[in-house]
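Here is my note on the model you sent. Please read it with the structure open beside you.

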Amino acid sequence: MSTFFVSCPIHFEERLAEELNSFWFEMMDLDGQPTREPLPELNIEPGGVEFKCSDHLGYQINLFSKLALRVLVRIHKFPARFYDQFEKELWQMPLDKWLTEKNISLKIETGKSRLNHERNLIEAATKALGSLAFKVSDEAKQQLYIRIIKDNAVISLDTAGENLHRRGYALFRGEAPLRENLAALMAQQLFKSGANLESDVFLDPFVGSGTILFEIASFKTPNLNRKYSWLEFKNKPKIFNSESWKKNLRWIQKPQNIRLIGIDSDEKAIHNLQENEKHFREIFPEIGFQLSTLNRDSLGLTSSDFPENVWIVANPPYGIRLKQDAVPKVFKHLENQRPLAGAIILHPESMKIEFQSLSLSSQIDFSNQGLKIKLSVFTR
Ligand SMILES: C[S@@+](CC[C@H](N)C(=O)[O-])C[C@H]1O[C@@H](n2cnc3c(N)ncnc32)[C@H](O)[C@@H]1O
């Protein structure tokens, strides 16, 4: 058992807890069977969720969570008011339990504490790590997180490696691509609103490089085909030693017959989308989907371009160059061609979106890079 902290963007915390809840029993126990360990008590904190669970489950969260940024394992905790005391406490870190490599990078965060001078903290930590035979290097794959808040230090080891929103497929990106975990939040809200992955059709009229469609298609499928730091851990449970552990997760459904439609007026965007599709198919070979792409202005779509009852999913363009009603006009146009099943749209607060046959059923407010954003869901 260890304490884990799963980090996520601010304001995602409750949704991350919901997500943990939704896939918990899909994870595997050490006997290769679906876990019987109950969902732990989740403590929601700003920027993440903390809980205690068995190590093999904590590590697997990396595979399953699409909203998380990282999964950290807490390795030491102590009051820290003096640099020498801080350094001595760091000597107690049982790093050898996890790490074989002797290179490590440091991330330091402080707030409301006596020890708040980053350079001094790095110096003290580097000395302590040196006496444990570790070398601090920015290029190191393993990362140590030191957080001192109100004179209490919490030391954590990263288990993710690269940020988890980097799934590995989004290699071709256009202007203003959406972060994968924000697109995953859209997918989560979409399914919560009654959309069915295998019987509904999803249409993105401003598809760009395709992030929303790819996150919808993969929302319920663990990402087994990228690197994670925990897979290099010395104390990684034996079951993960051979590649065949991935085959053990045989109860995970492999969605088939997913239908996606992506439209963009920019030829380059469609090229990016098609390139990303190739990578996506390599990373998630078990997902069966059909992606139709059209290099067109969405205002020119007609009823022959898409079937009835599609879900509109979109992160429309916004900015000063665009007429205020340009985007709402596209949604109205689509609705005039065919009856829609619903719509989920990520848009700035200032952009008013309305449908005649759909009504607003939920809305999440948050800010993204300083801009006030709404995630609005419309259903019949
Ligand atoms: C904010 S980007 C979408 C980004 C996308 N969600 C992603 O992650 O890559 C908006 C896209 O809408 C496209 N676009 C703008 N107006 C359009 C229109 N009338 N019809 C089709 N595409 C349009 C742009 O070319 C751009 O690729």
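This is a predicted model: local features need pLDDT of at least 70, side-chain atom pairs count only at pLDDT 80 or more; totals for chains, interfaces and linings use all residues.

The points below run from the whole chain down to single residues.

1. The protein has nine helices and 15 strands. Its radius of gyration is 23 Å, close to the 21 Å that the globule rule gives for 380 residues, so the protein is as compact as a globular protein of that length. Along the principal axes, the C-alpha atoms fill a box of roughly 70 × 45 × 35 Å.

2. **Burial and contacts.** Of the 380 residues, 38% count as buried. Now take the contacts between residues at least 6 apart in sequence: 78% of them join residues at least 24 apart.

3. **Domains.** The domain assignment gives domain 1 as 2–158 and domain 2 as 180–220 + 255–379. Their C-alpha centres lie 35 Å apart. Eight residues from domain 1 and seven residues from domain 2 make the contact. On the domain 1 side, the touching residues are four nonpolar, one polar and three charged.

4. **The eight-stranded sheet.** Look for an open sheet with the strand order S2-S3-S1-S4-S8-S7-S5-S6. Its pairing is mixed. In general, strands of a sheet pair through backbone hydrogen bonds, either parallel or antiparallel. Which strands stand at the edges? They are S2 (43–45) and S6 (135–136). Each has a single partner strand, so one side of each is left without a neighbour in the sheet.

5. S2 pairs with S3 (residues 48–53) in the antiparallel sense, over three bridges. Find asparagine 43 and look across: glutamate 50 in S3 stands opposite.

6. **Two positive phi values.** Most residues other than glycine have a negative phi. Lysine 112 has a positive phi, near 50°. Lysine 112 sits in the loop between strand S5 (103–111) and helix H4 (118–131). Aspartate 151 also has a positive phi, about 65°, and is not a glycine. Its loop runs between strand S7 (143–149) and strand S8 (152–158).

7. **Exposure of these two.** Is lysine 112 buried or exposed? Lysine 112 has 9 C-beta neighbours inside 10 Å. The cut-off for exposed is 12 or fewer, so lysine 112 counts as exposed. Aspartate 151 has 14 such neighbours inside 10 Å, and therefore counts as partly exposed.

8. **Around the ligand.** There are 21 residues around the ligand. Which of them come nearest? They are Leu178, Phe206, Gly208, Thr211 and Asp266. The shell divides into eleven nonpolar, seven polar and three charged residues.

How values were computed: Residues are numbered from 1 along each chain as its sequence is written. A residue is near a molecule or strand if its C-beta atom, placed from the backbone, lies within 6 Å of it. Ala, Val, Leu, Ile, Met, Phe, Trp, Tyr, Cys and Pro count as nonpolar, Asp, Glu, Lys and Arg as charged, and the others, Gly among them, as polar. Helices (H or I, at least four residues) and strands (E, at least two) are DSSP runs, numbered from the N terminus. The radius of gyration is taken over C-alpha atoms; the globule rule is 2.2 Å times the number of residues to the power 0.38. A residue is buried if 20 or more other C-beta atoms lie within 10 Å of its own, exposed if 12 or fewer, and partly exposed in between; C-beta atoms are placed from the backbone. Two residues are in contact if their C-beta atoms, placed from the backbone, lie within 7 Å. Domain bounds come from an automatic or database domain assignment. Two strands pair if DSSP finds at least two bridges between them.
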